[in-house]
Amino acid sequence: MLKGSCLCGAVRFTVTGAPFDPAACHCSQCRKMSGHVWAAAVVAEDGIEIDGEVRWFEASPRARRGFCPVCGSSLFWQEHGSGNMDFALGAVDGPTGLRLGRHIFTEDKGDYYDIAETEMKQEGEG
Ligand SMILES: [Zn+2]
Ligand SMILES: [Zn+2]
């Protein structure tokens with residue numbers, strides 16, 4: 001079971017389900033919202049409990065993004081109708097026991113860095 005929180009502690013979450021597909025997303029939305037790359041894992045919607053007020057931003061017709069209205073921490077991403085919830089790996093308190101498995105939207109990455117962990121699968125290339 002993982003526990004996480006935002007920077008100020010107003011939003012806390014507990015992951016009771018089994019997280020899967022930990023990935024680093026390089027899309028422009030994740031970069032803008034997080035300031036760089038956003039790393040998240042997926043869990044079934046009923047496998048995460050959220051305490052505190054989350055502000056939701058309709059980032060696209062496809063998905064919404066949840067953040068703390070007090071400190072602005074980017075915590076959640078949810079595709080409408082998916083039944084899943086992505087939670088920020090950086091918000092987990094203590095060890096996650098997870099390992100990033102892939103990079104996604106690498107074609108949208110910024111030009112100011114390279115993806116060093118090349119052993120990971122990079123989607124959208126080749
Ligand atoms: Zn906060
Ligand atoms: Zn993204």
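Donors are taken here as N, O and S atoms within 2.8 Å of the metal (3.2 Å for Na, K and Ca), and sites may look incomplete because water is not among the atoms. The structure is a predicted model, in which local features need pLDDT of at least 70 and side-chain atom pairs count only at pLDDT 80 or more, while totals for chains, interfaces and linings use all residues. Residues are numbered from 1 along each chain as its sequence is written, chains are lettered from A and ligands numbered from 1 in the order in which they are written, and side-chain values use heavy atoms, with hydrogens and water left out.

Along the chain, the donors of the zinc ion (ligand 1) follow the spacing C-x1-C-x59-C-x2-C. Within this site, Cys8 lies in the loop between strand 1 (2-5) and strand 2 (12-15), and Cys68 in the loop between strand 7 (63-67) and strand 8 (74-79), so that the pair, 60 residues apart, links distant parts of the chain, strands being DSSP runs (E, at least two residues) numbered from the N terminus. The protein donors of this ion are the SG atoms of Cys6, Cys8, Cys68 and Cys71, which lie 2.3 Å from it. The angles among the 4 donor atoms are 106 to 114 degrees, and the site is tetrahedral, a label given to four donors if all angles lie between 85 and 135 degrees; the ideal angle for four tetrahedral donors is 109.5 degrees. Cys8 counts as partly exposed because its relative accessibility is 41%, whereas Cys68, with a relative accessible area of 1%, is buried (buried means under 20% relative accessible area, exposed over 50%, and partly exposed in between, with a 1.4 Å probe and protein chains only).

Ser73 is also located in the loop between strand 7 and strand 8, and counts as buried at 16% relative accessibility. The side chain of Ser73 reaches the backbone nitrogen of Leu7 at 3.0 Å. Not counting residues up to four places away in sequence, Ser73 touches Cys6, Leu7, Gly66, Phe67 and Cys68, where contact means heavy atoms within 4.5 Å.

Cys27 counts as buried at 11% relative accessibility, and Cys30 is buried with a relative accessible area of 3%.

Conventions
Four donors count as tetrahedral if all angles lie between 85 and 135 degrees; four count as square planar and six as octahedral if opposite donors are over 155 degrees apart and all others between 65 and 115; anything else is irregular. Helices (H or I, at least four residues) and strands (E, at least two) are DSSP runs, numbered from the N terminus. A polar contact is a pair of N or O atoms within 3.5 Å; within protein, one must be able to donate a hydrogen and the other to accept it, and residues adjacent in sequence count only if both atoms are side-chain atoms.
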